[in-house]
Amino acid sequence: MVNNEGRGSSTRALVLHPVLPEDRNDARGPESRLEEAMGLAAAIDLEVAYARAIRVTRPRPATLLGTGAVEEVAALVKEAEIGLVIVDQSLTPIQQRNLERDWKAKVIDRTGLILEIFGKRARTREGQLQVELAALTYQRSRLVRSWTHLERQRGGFGFLGGPGESQIEMDRRLISDRIVKLKGELEEVRRTRGLHRKAREKVPYPVVALVGYTNAGKSTLFNRMAGADVFAKDLLFATLDPTMRSIMLPSNRKIILSDTVGFISDLPHGLVEAFRATLEEVMAADIILHVRDVSHPDTEAQKADVVTVLKGLGIEVDTDERVMEVLNKLDRLGEEDQQTLLRQARRNGGIAISALTGDGLDTLFDAIDRRMVAGREVVEFDIDVSDGAAIAWLYGKGEVLDREDDETRARLRVGLDPADLARFQDRFPYRSREQALAS
């Protein structure tokens with residue numbers, strides 16, 4: 001039913017993927033791009049009434065699409081009583097305004113859609129701050145010239161519900177003022193995260209971070225490894241807020257497992273910046289598990305997108321020894337494809353698993369264990385037998401390979417990461433036998 005403004009239902013959507021000239025050599029085809037855009041729409045419970053890819057020979061500054069395409073969509077919007085058109089490209093404020101006028105429907109672009117999803121999914125205070133900052137930065141060019149002060153928000157972040165923001169005090173503030181305030185709050189989040197990280201370094205337990213394309217199965221793998229109950233569903237951006245759990249490997253080595261926000265192609269730059277505090281957990285991780293959905297037809301293109309985001313964080317996937325590739329969703333492949341993937345994994349150093357069934361998890365745990373000890377130094381210490389704290393520290397953080405005790409001294413041969421060796425010697429007054437001989 002058309003509302004009083006002459007528009008259809010705001011949840012009944014038309015998804016368009018304009019195929020621009022620069023997209024012709026894209027690793028993904030237009031149909032795959034369109035399918036992903038439909039998945040994004042479904043992620044916030046929109047009813048996708050129609051979806052189509054439109055080839056754009058010469059993008060128009062006023063509307064992006066050609067005149068014929070604009071008129072064709074306008075007729076479809078009117079006939080099908082569509083209230084929302086999602087354009088799976090970036091639109092300028094002028095293009096968005098003109099298309100809304102021509103189609104008499106709400107129009108949002110890819111960035112607006114992703115921000116809307118993030119706005120609805122963020123649960124923690126930190127996540128809400130990060131999404132709000134990205135949303136306001138995006139909105140600034142679209143609102144500041146039209147409204148001096150903000151209207152009260154009816155829901156979401158302003159892309160589906162109208163201009164304005166989610167908290168009452170924002171009605172009396174300019175967007176720019178709010179952005180400054182949010183940046184200050186997020187700086188405090190970043191500082192707090194840094195303090196937490198330093199506290200973990202004093203414990204210390206190695207951090208294993210999960211990264212990957214959205215819907216690659218990170219949260220399912222997290223639940224399988226940690227015995228947790230993080231929300232996991234076959235849905236784009238099913239989880240946003242980072243989650244951490246301490247788990248015990250089969251070798252009795254304790255680690256901290258961290259799940260992070262999923263990546264996506266053309267991830268809005270503002271979101272990457274806003275979530276930098278969260279992504280710092282990845283940058284500081286001891287091991288980074290790049291989880292891939294190998295059953296997806298665009299798995300290689302998805303890998304390239306993740307590599308691009310990680311590179312922006314200063315992590316070179318090809319040369320950073322912390323990165324391990326986890327080839328997930330083995331259960332979705334046929335027997336022959338499974339065998340091919342397993343051979344490929346052995347050849348390239350990846351680990352093929354099914355987070356859903358648990359197949360390959362033992363291999364993954366063993367690989368993490370081996371990576372943990374790969375850079376370890378084997379050192380010997382003579383510890384006063386009465387110094388229980390130092391002895392307990394070595395047992396808790398290192399791997400005690402041999403021990404001999406007499407009445408006053410405990411001689412331990414221990415495998416330690418270089419960083420842990422430095423931490424031990426910062427805390428306790430002992431030099432290793434190797435250091436004593438070197439001096």
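Asp369 lies in helix H12, which spans residues 361-374. Helices (H or I, at least four residues) and strands (E, at least two) are DSSP runs, numbered from the N terminus. The model is predicted, and local features require pLDDT of at least 70, side-chain atom pairs count only at pLDDT 80 or more, and totals for chains, interfaces and linings use all residues. Residues are numbered from 1 along each chain as its sequence is written, and side-chain values use heavy atoms, with hydrogens and water left out.

With a relative accessible area of 9%, Asp369 is buried; the term buried denotes under 20% relative accessible area, exposed over 50%, and partly exposed in between (1.4 Å probe, protein chains only). Residues up to four places away in sequence not being counted, Asp369 touches Leu249, Ser251 and Arg253, where contact means heavy atoms within 4.5 Å. The C-alpha atoms of Asp369 and Pro250 are separated by 8.5 Å, although these residues are 119 residues apart along the chain.

Leaving aside residues up to four places away in sequence, the contacts of Asn328 include Ala216, Gly217, Val291, Asp293, Ile353 and Ala355.

A nonpolar core is a set of buried Ala, Val, Leu, Ile, Met, Phe, Trp, Tyr and Cys residues joined through side-chain atoms within 4.5 Å. The largest such core has 39 residues, and those with the most contacts inside it are Ile86, Leu113, Phe263, Val282, Ile288 and Leu310. Elements that each supply at least two residues of this core include strand S1 (9-19), helix H1 (30-42), strand S5 (207-212) and helix H10 (299-312). Apart from this core lies another, of 24 residues, among them Val208, Leu221, Ile287 and Leu361.

Helix H10 has 14 residues and reaches 20 Å from its first C-alpha to its last, close to the 20 Å expected at 1.5 Å a residue; the expected span is 1.5 Å times one less than the number of residues. Its buried residues are Thr299, Ala301, Gln302, Asp305, Val306, Val309 and Leu310. Of these, Leu310 touches Val211, Phe263, Val282, Ile315 and Val317, not counting residues up to four places away in sequence. H10 is followed by Gly314, whose phi is positive, near 85 degrees.

Strand S5 is mostly covered, six of its six residues being buried. In a regular strand the side chains alternate between the two faces of the sheet. Val207, Ala209 and Val211 point one way from S5, whereas Val208, Leu210 and Gly212 point the other way. Two strands pair if DSSP finds at least two bridges between them. S5 pairs in the parallel sense with strand S7 (residues 254-259) over four bridges, and Ala209 stands opposite Ser258 in S7. A parallel pairing over five bridges also joins S5 to strand S8 (residues 287-293), in which Ile287 stands opposite Val208.

Elsewhere, three strands form an open, antiparallel sheet in the order S11-S13-S12. Its edge strands, S11 (377-384) and S12 (399-405), each pair on one side only. S12 and strand S13 (residues 409-416) pair over six bridges, with Val414 in S13 as the bridge partner of Val400. Helix H14 (residues 418-427) packs on the sheet, touching S11 and S13, and its direction makes about 20 degrees with that of S11. Axes are lines fitted to C-alpha atoms, for helices over the stretch in contact, and angles run from 0 to 180 degrees between N-to-C directions.
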